Structures are given as C-alpha cells and as structure tokens.
Amino acid sequence: MMTSTTRVVAGDAINFDQLNATLQRAVDKEDKYYRENDAKFRAVAQKVQSYEEFEDIVKASHIKPMTEDIAQLELKRSSWSTSGREKERERRRLCQASSQPSLDLSQLTIERPQDFDRAWHACQSNNQRYQLLLAVGGKQLHTLFKAGLGLTFLGEALAALCESKTVEDRDDISLLLRAFGRTERFDLTLEFLSDKDKAKAVLLLKYASQGVDQSELDKLKRGWGVLSGWLLDVRV
C-alpha cells in the first residue's frame, strides 16, 4: 500500500503539491478540534437547556458572521430582468396567500411555548405576527419565554413590530419590549443580533419611549444595555 510519505517523496523528488495538501489537512483537523472545543466551553458558559442545544452549538462552530457589505458585492445577474423576478415573486405570494386560511386569533389557546411557536409559524405576514404579539401581550410572553428567546424569533418579532406599529398600540409595544428584555440570557441574544435588527430595536425603543416618565423609561431600557453603543439617548 502507498503511504502518505511515499506519495510526498517519490524517489529523490519531493511532491510539493502533495506535501502542501497533507499539511493543510493536518492544519484543518487541528483548527476543527480547537474550534469545537471552544464551542463546547461557550455552550457550557451559556447554560444551555438540553444536550441537543449543546450539540447544535458545537456543530455550528464553523459558521462565521458575514462581514462583507452585500450591497458592495459584485454578483452576477441573470438575463431575466429584475422586474420579471419581482412580478413572479408577487404572483407566487398572492397564490400562496389565497390558498392558505387566515389565522383566527380568537380560536387560539396559548398555554405553552409550543402553542405560541405553532401559531407564530402559522402566520403568513408580519401583520399577522404583530396581531399575535398584541393578543398574547407582554406579561404572558414573558411567562412563556422566561427561559430565553430564540435569536430568529427576536429578529422576526422586531420586524413585525416595526412594520405594523400604530400610535394606539404604543403601550402594548412598550410592554412587549420590556418582556423581551427580562428574559434569561437576553444580553447574549442581543450580542448575536444583526446590525439591521439592532437598528429596528432602537427605532422601537425610541417609539415606545415617547411621552413616558423617567421611571417607565428606565423599565423600558432594562435588558437592552448591550445596545449602549446604539442607544446613547433613547428619547426623541
């Protein structure tokens, strides 16, 4: 059998390509070990709730945040015009909306996080998600997710609140934001929130803070301290 040494050194000649490939595999293997080991310590520090969550963090240890500005990337465009794609997406959206029943909030019974999760994924638009958040309310939402919010859910909730907010619902939005901020490990969730979602959070905090006294403002800002670089002065 031909060993790796035989492949690298054939006679008196050194196969530098094979040598580089062998070294790269060794480096990749070592990087993978230390990366996953760091992820394990990070998962323990976060006090994950289950082994499955621990395993997911380790498996995702190779994922790195995107640092490039996507607007600056030179992406190849297809010959199909942008307007054609937009029309097709709109057509599919309308077809999907017409084929699915609307969410009837009056028929929902939400007593467990799983109940809310099913209702959330049944929503077909940000407006429906907004109505669901208002129907559940900040107090119950905190009870359901006291152990912690998912990163994906928080981003989706901020988007729904930003898109559909009304003056009449300002107090309810304030209660929801306060409920988010009181959940476990919320500061860690904020750290991984995208800059775009952080900007939405700042917008909502400013919106909800209008016309409130200092004590209510302090309650509103509680838990959102990680945004200090964004939220120098929440009042507008």
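Which side chains meet in a salt bridge at 3.0 Å, N to O? Those of Lys32 and Glu36. By salt bridge I mean a side-chain nitrogen of Lys or Arg within 4 Å of a carboxyl oxygen of Asp or Glu, and the count by that rule is 7.

Some ground rules. This is a predicted model, where local features need pLDDT of at least 70, side-chain atom pairs count only at pLDDT 80 or more, and totals for chains, interfaces and linings use all residues. Residues are numbered from 1 along each chain as its sequence is written, and side-chain values use heavy atoms, with hydrogens and water left out.

Back to the pair. Lys32 and Glu36 both sit in helix α2, residues 16-45, 4 residues apart, about one turn of the helix. Helices here are DSSP runs of H or I, at least four residues, numbered from the N terminus. Lys32 is partly exposed at 40% relative accessible area, and Glu36 is partly exposed at 23%. The cut-offs are under 20% for buried, over 50% for exposed, and partly exposed in between, with a 1.4 Å probe and protein chains only.

Next, Glu156 and Arg129, with their closest N and O atoms 3.9 Å apart. Glu156 is partly exposed at 24%, whereas Arg129 is buried at 17%.

Then Lys219 and Glu216, at 3.5 Å between the closest N and O atoms. They are 3 residues apart in helix α11, residues 214-221, about one helical turn.

Lastly, a network of salt bridges links Arg112, Asp115 and Arg118.

Technical notes:
Helices (H or I, at least four residues) and strands (E, at least two) are DSSP runs, numbered from the N terminus.
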